[in-house]
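Subject: Structure for you to look at

Hi,

Here is the structure I promised to pass on. Please open it and keep it beside you as you read.

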Amino acid sequence: MPAPVPAPAPADVTVDVRLTPTDLRAALRRDARVGLTATPKWMPPVWFYDDRGCALYDQITRLPEYYPFRTEQLLLEEVAEQVVKVAGSEVLVELGSGTSEKTRLLLGAMDRVVGVRGYVAFDVAEATLRSAATAVSQDFGIAVHAIVGDFHEHMAAVPDGGRPRMVAFLGSTIGNLDRDQRRGFLAELQSLLGEDDRFLLATDLVKPVDRLVAAYDDAAGVTGEFNRNLLHVLNRELDADFVPDEFEHVARWNPEGSCIEMRLRSRQPATVALPVLDLAVEFEAGEEMRTEISTKFTPEQVGRELDEAGMAVVDTWTDPAGDYLLTLARPVRGGG
Ligand SMILES: C[S@@+](CC[C@H](N)C(=O)[O-])C[C@H]1O[C@@H](n2cnc3c(N)ncnc32)[C@H](O)[C@@H]1O
């Protein structure tokens, strides 16, 4: 008789919903009204991430062209224990945590080095967050506090907990924010950090344009499908009638912004109805709508932006090829 499979440990998960489906729909309406009537048209990247978008992002992370995920994972495998030793944190907070896959490397290192007391996972994608929180809680035997929220609006919901925290922002998600958004985000984060808290920031670094473009325009077309997922979300949530296949995926380097821009280009003239907004949006043939930026940094730029936000770099780590950067920072208060 085969040995019985042990039952998984019970999960200890608290879910704090700061963004209900109703709030999400209202925010999507606001963004669609502003972005689709702007010239040029644009939409914020947060709307890629419904369940299908999260699953597509997960596929992207495994594509041969998509070096950032692999590189960050290998780097964390190499240096997670050093990071945790330098940080001395007992609680891990992660913004934009997604599937929490790379997080496990940090949690494992914390477990070995200082003992991990808890994990706070924060993401806008509720279903992905709930399943990641349950799996982490069971696998590490720790309490997980999951927050469904928008890190531009609900960061103050992160609990203090009374122990030194490390707030991780992985996946170079900060690159999806423009300069003003980064300024606001980093300043708010700094104001929420206690003296013993640390901020771990992952950033993709500037590199040859052909490698960058290939990473966002893969041969299998998964990134294109991820990009067009925005149109599926608009169709489902706002009753719009986009024909996603009529929009071509574009990934282009913008040297002024030091970023890859993802766009959707209308193959032909189109009129898209959004009855929920009482809006009809015209696209000319070849017209492009910007859907994401992915900023590429230099270590100096990362240091400057942290400094402007009142944070000092404690230590940095890069992979041997210098493709990716992990920066550990601490808050600086009044002259300290
Ligand atoms: C580029 S993925 C990175 C996922 C994961 N941290 C990693 O490193 O693989 C960005 C994640 O941030 C989440 N996200 C994007 N915008 C957000 C926002 N405004 N507030 C909260 N989460 C957000 C997405 O749902 C997604 O899980």
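Below is what was found in it.

This is a predicted model, in which local features need pLDDT of at least 70, side-chain atom pairs count only at pLDDT 80 or more, and totals for chains, interfaces and linings use all residues. Residues are numbered from 1 along each chain as its sequence is written, and side-chain values use heavy atoms, with hydrogens and water left out.

Next, some distances. A side-chain N or O atom of lysine 102 is 2.7 Å from a ligand oxygen. A polar backbone atom of phenylalanine 151 is 2.9 Å from a ligand nitrogen. For valine 124, a backbone N or O atom lies 3.3 Å from a ligand nitrogen.

Now the cysteines. The whole structure has zero disulfides (pairs of cysteine sulfur atoms within 2.5 Å). Why does cysteine 259 count as buried? Its relative accessible area is 4%, and buried means under 20%, exposed over 50%, partly exposed in between (1.4 Å probe, protein chains only). Cysteine 54 is also buried, at 11%.

Best wishes

How values were computed:
Polar contact = N/O pair within 3.5 Å; in protein donor to acceptor, adjacent residues only side chain to side chain.
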